[in-house]
Amino acid sequence: MADAALWYWPLDTAGGSVNFVMLLNWTVMILYNYFSAMFVGPGYVPLGWTPEKSQDCMYLQYCKVCQSYKAPRSHHCRKCNRCVMKMDHHCPWINNCCGYQNHASFTLFLLLAPLGCIHASFIFIMTMYTQLYNRISFGWSSVKIDMSAAKRDPRPIIPFGLSAFAASLFALGLALGTTIAVGMLFIIQMKVILTNKTSIESWIEEKAKDRIQYYQTGETFIFPYDMGSKWKNFRQVFTWSGIPEGDGLDWPVRDGCHQYSLTIEQLKQKADKRVRSVRYRAIEDYSGVCCPVTKGVKTFFTTPCTEEPRIALNKGDLILATRGLKHWMYGEKILISAADGGIRERGWFPRKCVEKYQYDSETDQPVDGEKKSK
């Protein structure tokens, strides 16, 4: 705002007034949508929720934390510690999830922030140009810049010295960086909105194709919530009232699908994940730090760049690994109470801390030559 006043004083001309009002407009709209996304929240599945028909429970996953079934399109967020309706992702910048109730506000914030930063970048460039132009002296053999005061214009109401120039240049870099980074996020969000998906559901659809191709089942997975029209999909998120359609629990589906088409596919993927998981046993202790110094240079520098947690290991612990990288693995640590239906700790751990655990799948006992770890 200080640079806008320096470049185009708002009280003298209509153009300056319009420029200043537009800048205020961007600021208010960006902050309104930002705080709406933050404080309105995504909407949570009620604690203890069950479907109206008890037989439909067989199509749903059960959340032990919330003590309820996961409604269609909902997922449990470890950060919020609740099942979120139509969860897209957990955003650290709003310290909340993006989901059913705040998806529109979050997407509008992603649109307005780059537009406001483009306007701000133009103001920074024009301010620095005009202020430097009034302070440059051209000689026969040299060019001198005097930042103390303008040479031709009267002293400005807001002083523009070397520190102000440095601050404007730094702010220009931030504005351009925000335009690129947040603009890319907006494009990603619009792609999933126009197909009436979330980022998680796009991932589920990709895994469905991989599962069908791997097992050659001949199935055809059809995403049930795509209305077949980009405008209809757009209207599922953006409405004139600002309140999304529906209640976040029941959703309109396309012909040939039903309310639990996606949840049934999730159950199949969960079952496939259990079948393809590999049991490992810890042979070294691991404290659970993000970048362990004592586990090797390669392990230290190749730590997964993700918000997913790490799990601490003690020698002899059993882990079910579901995926992995060259030097890291992701899995679930089987606790002592796991046989009684207890919970499991999930997260990343260094590959060099574990070895494959040979056991009889029928008796769940170590094979000959292996010692029990518990």
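Which helix does Leu-108 lie in? Leu-108 is part of helix H3, residues 103–133.

## The model

This is a predicted model, in which local features need pLDDT of at least 70 and side-chain atom pairs count only at pLDDT 80 or more, while totals for chains, interfaces and linings use all residues. Residues are numbered from 1 along each chain as its sequence is written, and side-chain values use heavy atoms, with hydrogens and water left out.

## The chain as a whole

The protein chain has eight helices and 15 strands. Both are DSSP runs numbered from the N terminus: helices are H or I with at least four residues, strands are E with at least two. Of its 374 residues, 42% count as buried. Buried means under 20% relative accessible area, exposed means over 50%, and partly exposed is in between (1.4 Å probe, protein chains only).

The chain exposes about 21600 Å², and carbon and sulfur atoms supply 61% of this area. Accessible areas come from the Shrake-Rupley method with a 1.4 Å probe; for residues, only the protein chains shown count as cover. Among contacts (heavy atoms within 4.5 Å) between residues at least 6 apart in sequence, 61% join residues at least 24 apart.

## A surface patch

Leu-108 is partly exposed, at 31% relative accessibility. Together with Leu-111, Leu-115 and Ile-118, Leu-108 forms a nonpolar patch on the surface, with about 290 Å² of accessible area in total. Patches are made of residues with over 30% relative accessible area and no salt bridge; like charges are joined within 9 Å, and nonpolar side chains (Val, Leu, Ile, Met, Phe, Trp, Tyr) within 5 Å. A salt bridge is a side-chain nitrogen of Lys or Arg within 4 Å of a carboxyl oxygen of Asp or Glu.

A disulfide is a covalent bond between the sulfur atoms of two cysteines. Here a disulfide is counted when two cysteine sulfur atoms are within 2.5 Å, and a search of the whole structure finds zero. Cys-77 is in no disulfide, as the nearest cysteine sulfur, in Cys-97, is 3.3 Å away. That distance is too far for a bond. Cys-77 is buried at 2% relative accessibility, and Cys-97 is buried at 0%.

His-75 is found in strand E3, residues 75–77. His-75 is also buried, at 11% relative accessibility. Beyond its neighbours within four places in sequence, its contacts include Arg-82, Met-87, Ile-200 and Gln-266.

## The end of helix H2

Val-40 lies in helix H2, residues 14–40. Val-40 and Asn-102 are 62 residues apart in sequence, but their C-alpha atoms are 6.5 Å apart in space.
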